[in-house]
Amino acid sequence: MLPRYLTVKGYGENEIIIQKSRFIAYIDRAETEEEAQEFIQKIKKQNWDATHNCSAYLIGEQDHIQKANDDGEPSGTAGVPILEVLKKKKLKDTVVVITRYFGGIKLGAGGLIRAYGKATSEGLAATGIVERKLMAIMHTTIDYTLLGKVENELRSSIYTIKNIDYQDKVEIEAYVEENQTESFTAWMVELTNGQGEIRQGETLYQEEAYEG
């Protein structure tokens with residue numbers, strides 16, 4: 001599993017007009033090729049009367065699944081420009097369909113490439129991009145006498161407290177990036193003078209808005 005990567009926030013859509021043609025971007029997250037194809041077919045069915053429903057998707061940790069479809073536009077003028085925007089923005093597990101309703105003015109090959117690229121970029125901006133970070137939940141069990149010190153230090157650190165459970169002892173759960181668990185453990189041992197019980201729990205992805 002990647003320690004961190006960029007993808008889209010979720011489903012989104014956005015429309016722009018270029019030379020009287022409507023370009024509608026439909027965007028979603030897809031973690032398998034089957035999910036991407038299902039999304040594309042859904043949008044094509046929804047916009048059955050459109051002139052074109054061009055698409056592209058990029059899936060997998062190493063982007064090993066990449067597809068682009070011009071759907072009747074001149075070869076290389078629609079699907080590839082969509083895919084290139086996804087690559088440039090370093091997105092993963094993302095599918096895009098750009099629906100075009102022809103407005104009567106031909107754009108030419110260069111115009112089409114720019115139009116589909118712009119529709120994709122603006123669609124992504126409207127949808128939003130997130131960074132997913134692989135986080136481990138670290139459990140630290142301490143006596144109540146140490147709670148104030150440990151909680152204060154944690155709240156002013158780079159780590160985020162997930163939960164505090166008040167039982168016979170106090171258990172503090174904190175989100176720690178997977179590659180920082182050893183340094184977190186060493187820090188917590190020092191902070192509690194070796195009196196804390198520290199263990200690693202489940203690993204999961206956390207998402208936060210990406211403005212880069």
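**Aromatic rings: exercises**

A search of the whole structure, a predicted model, finds 6 aromatic pairs.

**Exercise 1.** Classify the pair formed by tyrosine 5 and tyrosine 205, and say which strands hold the two residues.

*Solution.* 
- Start with the distance: the ring centres are 5.4 Å apart. Pairing requires centres within 6.5 Å.
- Now place the residues. Tyrosine 5 lies in strand S1 (residues 4-8), and tyrosine 205 in strand S10 (residues 197-209), so the pair ties together parts 200 residues apart in sequence.
- Last, burial: tyrosine 5 and tyrosine 205 are both buried.

**Exercise 2.** Work out the geometry of tyrosine 159 and phenylalanine 184, then locate them.

*Solution.* 
- The ring centres are 4.9 Å apart and the planes stand at 85°, so this pair is edge-to-face.
- Tyrosine 159 sits in the loop between helix H4 (147-155) and strand S8 (160-166). Phenylalanine 184 belongs to helix H5 (residues 181-191).
- Check burial against the cut-off of under 20%. Tyrosine 159 has a relative accessible area of 12%, so tyrosine 159 is buried. Phenylalanine 184 has 0%, so phenylalanine 184 is buried too.
- Widen the view: Tyr159 and Phe184 form one aromatic cluster with Trp187.

**Exercise 3.** Which residues lie over the faces of tyrosine 101 and tyrosine 11?

*Solution.* 
- Over tyrosine 101 lies arginine 22, at 5.0 Å from the ring centre.
- Over tyrosine 11 lies lysine 42, at 5.9 Å from the ring centre.

Key. Residues numbered from 1 in each chain as written. Predicted model: local features only at pLDDT ≥ 70, side-chain atom pairs only at ≥ 80, totals over all residues. Heavy atoms only, no water. Phe/Tyr/Trp six-rings, centres within 6.5 Å; stacked < 30°, edge-to-face > 60°. Helix = DSSP H or I, 4+ residues; strand = E, 2+ residues; numbered from the N terminus. Buried < 20%, exposed > 50% of the residue type's maximum accessible area, 1.4 Å probe, protein only. Lys NZ or Arg CZ within 6 Å of the ring centre and 35° of its normal.
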